[in-house]
Amino acid sequence: MKHVRMATYKITKGNYDDIVRIATEPGAMSDIYEGIDGFAQFGIADVGDGDFLSMTVWDSREAAEKANEAARSWVSENVSDRIELKTSMIGDFGYLKA
């Protein structure tokens, strides 16, 4: 069974496009996720009102938990002046169709 890590953030400086650019630069969050065993997918969605959703899919709960810690660390070190964590959760992903 796949697992998902979802987090919502409030943008406190800049805009959604800035966040996507920063998160997907070489060596940034997208590369960090890809370097964790069990990585399957990563996406960012603008959900309005200055909020966005970060969602990753993993092969195991352990991998999703590692990703959660990696995200917390990277956000704290790189973009804590731009975004604020609102929610974070990990769960079983019962159905995924490409």
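User: Hey, which residue stands opposite M55 in β3?
Analyst: That would be G43, going by this predicted model.

User: Nice. How many bridges pair strand β2 with β3, and in which sense?
Analyst: There are eight bridges, and the pairing is antiparallel. Strand β2 covers residues 39–48.

User: And what sits between β2 and β3?
Analyst: The two strands make a hairpin, with two residues between them. In that turn, D49 has a positive phi of about 55°.

User: OK, what about the pairing of β1 with β3?
Analyst: Strand β1, residues 2–11, is joined to β3 by eight bridges, and these two run antiparallel. One of the pairs is K10 with D51, its bridge partner in β3.

User: What else does D51 touch, leaving out residues up to four places away in sequence?
Analyst: Besides K10, the list has Y9, A45, D46 and K86.

User: Is D51 buried or exposed?
Analyst: Buried: its relative accessibility is 12%, and the cut-off for buried is under 20%.

User: Switching to the whole strand, why is β3 described as largely enclosed?
Analyst: Because six of its eight residues, in the stretch 51–58, are buried, the rest of the structure largely encloses it. D51 lies in this strand too.

Methods
Residues numbered from 1 in each chain as written. Predicted model: local features only at pLDDT ≥ 70, side-chain atom pairs only at ≥ 80, totals over all residues. Heavy atoms only, no water. Buried < 20%, exposed > 50% of the residue type's maximum accessible area, 1.4 Å probe, protein only. Helix = DSSP H or I, 4+ residues; strand = E, 2+ residues; numbered from the N terminus. Pairing = 2+ DSSP bridges. Contact = heavy atoms within 4.5 Å.
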